[in-house]
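Q: I'm new to reading protein structures. Can you walk me through some features, starting with a single side chain?

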Amino acid sequence: MVFGKSGIMPVFLCLFTGIAVPAPVFAYTVSFIVIEAGPVQDGAATGAANLWENGLMDVFFNAGHIVSNAHALRIDRAIFKDFPDEMQADFDEARQGGVDFFVTALLDYGAGEAPVSPGTSVGPRQVLLKVFRVEPYQKVYEQGYSGPIGDELTKAKSAARSILPHLRDR
């Protein structure tokens, strides 16, 4: 036994036969938060928020990333900042937990308009997704969807698949 138990034989085989050694696969830790903005009655929009959260998390988990989520926020006003003040504590907690990326899904139900009547099922008028690198802090992706969104779960999964390539090389 020339090469014995040292494991040198596989190295020489790879070098001399041209067999490629697969590149390492990296999994990021990604935290999600869904924010509902606008006139939402209790329970009227919870279904859409859950579908967006589940759709986004499912795709990232199936792609091999480690996912977590913060509690959904409900804000009764329009959001004009990348990072609403109400979300800061969740972001700080994610940073302390070693999260690589923080994804926000803003579901806008038409802030500034009259509330919908109780029992009415309403979908968001616009969904805005933003992806932030936690350390160093940087917005790396933003995508909006407007008009009747339709099947929320299908749209959320499609949106999540569009985000995945933007995590590479970050």
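Q: Is Tyr-145 buried or exposed?

A: This is a predicted model, so keep that in mind as we go. The cut-off for buried is under 20% relative accessible area. Tyr-145 comes out at 14%, so Tyr-145 counts as buried. You'll find Tyr-145 in strand 6.

Q: And which residues does Tyr-145 touch, leaving out those up to four places away in sequence?

A: Tyr-145 touches Trp-52, Arg-125, Gln-126, Val-127, Leu-129, Lys-155, Ala-159 and Ser-162. Take Lys-155: 10 residues separate it from Tyr-145 in sequence, and the C-alpha to C-alpha distance is 9.1 Å.

Q: What about cores? How many residues does the largest nonpolar core have?

A: Here's the general idea: in soluble globular proteins, nonpolar side chains tend to be buried together. In this model, the largest nonpolar core has 28 residues, and Trp-52, Phe-60, Leu-107, Leu-129 and Val-131 have the most contacts inside it. Strand 1 (29-37), helix 2 (46-62), strand 4 (101-108), strand 5 (126-133), strand 6 (138-146) and helix 4 (152-163) each give two or more residues to this core. Helix 2 supplies the largest share, 7 residues. Another core, of 17 residues, lies apart from it, with Ala-70, Ile-75, Phe-91 and Leu-106 among them.

Q: What is Val-131 in contact with, beyond its neighbours within four places in sequence?

A: Its contacts include Phe-101, Phe-102, Val-103, Tyr-141, Ile-163 and Leu-167.

Q: Last one: where is the cis peptide bond?

A: It joins Glu-135 and Pro-136, with omega about -10 degrees. Pro-136 sits in the loop between strand 5 and strand 6.

How values were computed. Residues are numbered from 1 along each chain as its sequence is written. This is a predicted model: local features need pLDDT of at least 70, side-chain atom pairs count only at pLDDT 80 or more; totals for chains, interfaces and linings use all residues. Side-chain values use heavy atoms; hydrogens and water are left out. A nonpolar core is a set of buried Ala, Val, Leu, Ile, Met, Phe, Trp, Tyr and Cys residues joined through side-chain atoms within 4.5 Å. Buried means under 20% relative accessible area, exposed over 50%, partly exposed in between (1.4 Å probe, protein chains only). Helices (H or I, at least four residues) and strands (E, at least two) are DSSP runs, numbered from the N terminus. Contact means heavy atoms within 4.5 Å.
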